[in-house]
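Got your viewer open and a sequence panel alongside?

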Amino acid sequence: MEYTQLGRTGLKVSRIVLGTMNFGPQTDETDSHTIMDAALDAGVNFFDTANVYGWGENKGRTESIIGSWFARGGGRREKVVLATKVFGGMNPDDGEPWPNHDRLSAVNIRRAVDASLKRLRTDHIDLYQFHHVDRTTPWEEIWQAVDVLVQQGKILYAGSSNHAGWHIAQANETARRRGSLGLVSEQCLYNLAERRAEMEVVPAARAYGLGVIPWSPLHGGLLGGVIRKEREGGSARAASGRSAEALANSAVREQVQAYEDLLDKHGLEPGEVALAWLLTRPGVTGPIVGPRTTDQLGSALRAVELKLTGELLTELDAIFPGPGPSPEAFAW
């Protein structure tokens, strides 16, 4: 496994991030534990989750599965850089929604951290991420809450997710005025087929020293050989959800077909190339992969060792051209 610094911090993390969103909804606890063991054995030390994962009435279930894995001991918690998120509403004990059970008020941040720590069976969270922008809470309040949690030893670093470039600037300029460390990472939608992050989010992250952590690196399966699987009668997942909706657009289908044809010519697997491409992008710490099986994890691990030639990168750019930098992307 290869490792890199998380943004401007001294923290070393693996170049593949284990995403756990499937743990609970699609992968049971036993299989989830098996995947986490396999990831750790392969050197993956960066695990990502969120308080709302588990979804519906089972929000928090994913964190609980990770917590039960940590409880098995063997140095599991000590070896893992643990990242979770706060923003989405959680179900209170009586099941009824109440004000202040979501977003980024100091009240909810304090409550959410303690609840996550309990589910995760740990005394601290390495990277605490704001899952979305809260337009109703000032950054001064957010950083005041974060600074208290850092002093208490409950969290070590703060990161953002789904923030625009100007949100990153606003957050870190506010932190600078307070003498706080500020955001150290941004988790954003970024892949070969969705490159809008290159306009402002990635440049802002690099300017402020944030590590970029792309989510949905295969764009909902679209970059994982979906047409080949469709042709070969593959999984139902290949012909449903975001992939099916996107492929209904003839222009998108033609683009994806060109992508798969190119990689067939080179004898490469589409999903592995999509991950390897992200690892070539400036500022990217590592993409989040969400395996439902150990076989899918193995494919992601192979991507770390895959080196893409300059010629192939140029060909990929021709199929999936980026938007270009801001403001040139929309101005002269």
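## The whole chain

With 332 residues, a compact globule would have a radius of gyration near 20 Å, and the chain has 20 Å, which agrees. That radius is taken over C-alpha atoms, and the globule rule is 2.2 Å times the number of residues to the power 0.38. This is a predicted model, in which local features need pLDDT of at least 70 and side-chain atom pairs count only at pLDDT 80 or more, while totals for chains, interfaces and linings use all residues. Residues are numbered from 1 along each chain as its sequence is written, and side-chain values use heavy atoms, with hydrogens and water left out.

Still zoomed out, picture a box of roughly 55 × 55 × 40 Å along the principal axes, filled by the C-alpha atoms. The cartoon shows 13 helices and 10 strands; these are DSSP runs numbered from the N terminus, helices (H or I) having at least four residues and strands (E) at least two. Colour by accessibility and 52% of the 332 residues count as buried. Here buried means under 20% relative accessible area, exposed over 50%, and partly exposed in between, with a 1.4 Å probe and protein chains only. Among contacts between residues at least 6 apart in sequence, 78% join residues at least 24 apart, a contact being heavy atoms within 4.5 Å.

## The sheet

Now select the strands. In what order do the 8 strands of the open sheet run? Reading across, the order is E9-E8-E7-E6-E5-E4-E3-E10, and the pairing is parallel. Two strands pair if DSSP finds at least two bridges between them. E9 (211–215) and E10 stand at the edges with a single partner strand each, so one side of each has no neighbour in the sheet.

Zoom in on E6 (residues 125–130). Here 6 of its 6 residues are buried. On one side, E5 and E6 form a parallel pair over 4 bridges, with Ala83 partnered by Leu127 in E6. On the other, E6 and E7 pair in the parallel sense over 5 bridges. Click Leu127 again: its bridge partner in E7 is Tyr157. Gln129 stands opposite Gly159 in E7.

To get from E6 to E7, the chain passes through helix H5 (residues 139–152), and this β-α-β crossover is right-handed. To check that by eye, point the strands away from you: right-handed means the path from the first strand over the helix to the second runs clockwise.

Next, select E7 (residues 155–161), where 6 of 7 residues are buried. E7 pairs in the parallel sense with E8 (residues 183–189) over 3 bridges, and Ser160 has Glu186 as its bridge partner in E8. E7, helix H6 (residues 165–178) and E8 make another β-α-β unit, right-handed. Carry on to E8 and E9, a parallel pair over 5 bridges, in which Gln187 stands opposite Ile213.

Select H12 (residues 294–305): 12 residues, reaching 18 Å from first C-alpha to last, close to the 16 Å expected at 1.5 Å a residue. The expected span is 1.5 Å times one less than the number of residues. Which residues of H12 are buried? They are Leu297, Gly298, Ala300, Leu301, Ala303 and Val304. These pack against E3 (17–19), H1 (29–41), H11 (270–279) and E10 (288–289).

Follow H1 to Ser32. Ser32 is buried, at a relative accessible area of 0%. Leaving out residues up to four places away in sequence, Ser32 touches Phe23, Gly24, Thr27 and Ile65.

Most residues other than glycine have a negative phi, and most peptide bonds are trans.

- **Asn100**: phi is positive, about 70°. Asn100 sits in the loop between E5 and H4 and is partly exposed, at 43% relative accessibility.
- **Ser216**: phi is near 55°. Look in the loop between E9 and helix H8 (226–231); Ser216 counts as buried at 18%.
- **Pro327**: the peptide bond from Ser326 is cis, with omega near 5°. Pro327 lies in the segment after helix H13 (310–319).
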